[in-house]
Amino acid sequence: MDKQLIRNAYKIYWLENGKAPVSVYSLCKQLDISESSFYENYASLEAIEKDIWLAVFEDTLVQLHDDETYQQYSAQEKLLAFYFLWVQKLKDDRSYFLQQREQFRLPDLYRNKLETFKRAFYAYVRELIKEGYSSNEIRERKYISDQYVHGFWVQALFVLKYWLNDTSANFEMTDAAIEKAVNLSFQLIKSNTLDSLLDFGKFIFTRK
């Protein structure tokens, strides 16, 4: 039994019933497989949900890494390319992800479902940040640099939520939001803008 077949069946169940399968048994019945076959691939239904998010991310990276043009991009251009392609991949299962949208109102719940995707995204962004240091696109700052990766994760969640709520033709507003978000983030971590904000914060704090 292929993991992708299980993931597809899980998504179909969601789409046709408006909710997750009530048990592993009910999903296995749809697939016409034994529960033991299921457990050879996944430990739980929740593990499938985590893997669905991770699979979209990994498929995106595989396609990007196979693109010679992508390899020549700057760190900022690579992040832009990632977001644009990631959203394209998400569109293939938009109806499923829209059904998950309600869960984003319960932070602990959706954070758990995005856990494995988050770890993989952090690893990817850390490499981009290293490239940014080498190319002087990103300024390394004492105590602050380690927080960059967290900022990019917040940005990824912003892109995801914006796309889920986007009703513009061909999701043009999402594309525009991606460009603006990425451009702003790189301006902040490269220019003196962030340093000025930090200095101002220190000034205010020391005057209290």
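Modeller: The cover over the buried residues of helix α2 includes α1, α3 (35-39) and α4, where buried means under 20% relative accessible area, exposed over 50% and partly exposed in between, with a 1.4 Å probe and protein chains only. The buried residues in question are Val 24, Ser 26, Leu 27 and Cys 28. Helices here are DSSP runs of H or I with at least four residues, strands are E runs of at least two, and both are numbered from the N terminus. The model is a predicted one, in which local features need pLDDT of at least 70 and side-chain atom pairs pLDDT 80 or more, while totals for chains, interfaces and linings use all residues. Residues are numbered from 1 along each chain as its sequence is written, and side-chain values use heavy atoms, without hydrogens or water.

The setting is a chain of twelve helices and zero strands. Of its 208 residues, 41% count as buried. Contacts (heavy atoms within 4.5 Å) reach across the sequence: among those between residues at least 6 apart, 68% join residues at least 24 apart.

The largest nonpolar core holds 56 residues, and Phe 38, Phe 82, Tyr 83 and Phe 121 have the most contacts inside it. Such a core is a set of buried Ala, Val, Leu, Ile, Met, Phe, Trp, Tyr and Cys residues joined through side-chain atoms within 4.5 Å. At least two residues of this core come from each of α1 (3-17), α2 (24-31), α4 (45-65), α6 (75-91), α7 (94-100), α9 (115-134), α10 (148-165) and α11 (172-190). Leaving aside residues up to four places away in sequence, Phe 82 touches Phe 57, Thr 60, Leu 61, Leu 64, Phe 121 and Tyr 124.

Helix α6 also packs against α9. Their axes come within 9 Å and cross at roughly 155 degrees, with each axis a line fitted to C-alpha atoms over the helix stretch in contact and angles running from 0 to 180 degrees between N-to-C directions. The two helices are therefore roughly antiparallel to each other, a label for angles over 145 degrees, with under 35 roughly parallel, 65 to 115 roughly perpendicular and the rest oblique. From α6, the contact is made by Ala 75, Lys 78, Leu 79, Phe 82, Tyr 83 and Trp 86, and from α9 by Phe 117, Phe 121, Tyr 124, Leu 128, Glu 131 and Gly 132.

Rings of Phe, Tyr and Trp (its six-membered ring) pair when their centres lie within 6.5 Å; planes under 30 degrees apart are stacked, over 60 edge-to-face and the rest tilted. By this rule there are 23 aromatic pairs. In one of them, Phe 38 and Tyr 42 are tilted, at 6.3 Å centre to centre with 40 degrees between the planes, and both residues are buried. In another, the centres of Trp 86 and Phe 117 are 5.5 Å apart with their planes at 35 degrees, so this pair is also tilted. Trp 86 belongs to α6 and Phe 117 to α9, and the pair thus links distant parts of the chain, 31 residues apart. Trp 86 and Phe 117 are likewise buried. Ring pairs gather Phe 57, Phe 82, Tyr 83, Trp 86, Phe 117, Phe 121, Tyr 122, Tyr 124 and Trp 153 into a cluster.

Arg 94 counts as buried because its relative accessibility is 15%. Not counting residues up to four places away in sequence, Arg 94 touches Trp 163, Leu 164, Asp 166 and Phe 171. With Leu 164, Arg 94 has a C-alpha to C-alpha separation of 8.0 Å across 70 residues of sequence.

Asp 32, which follows α2, has a positive phi near 60 degrees. Asn 136, in the loop between α9 and α10, has a positive phi near 65 degrees although it is not a glycine. Asn 136 is exposed because its relative accessible area is 59%. Asn 170, in the loop between α10 and α11, is another residue other than glycine with a positive phi, here about 55 degrees. Its relative accessibility is 57%, and Asn 170 therefore counts as exposed.
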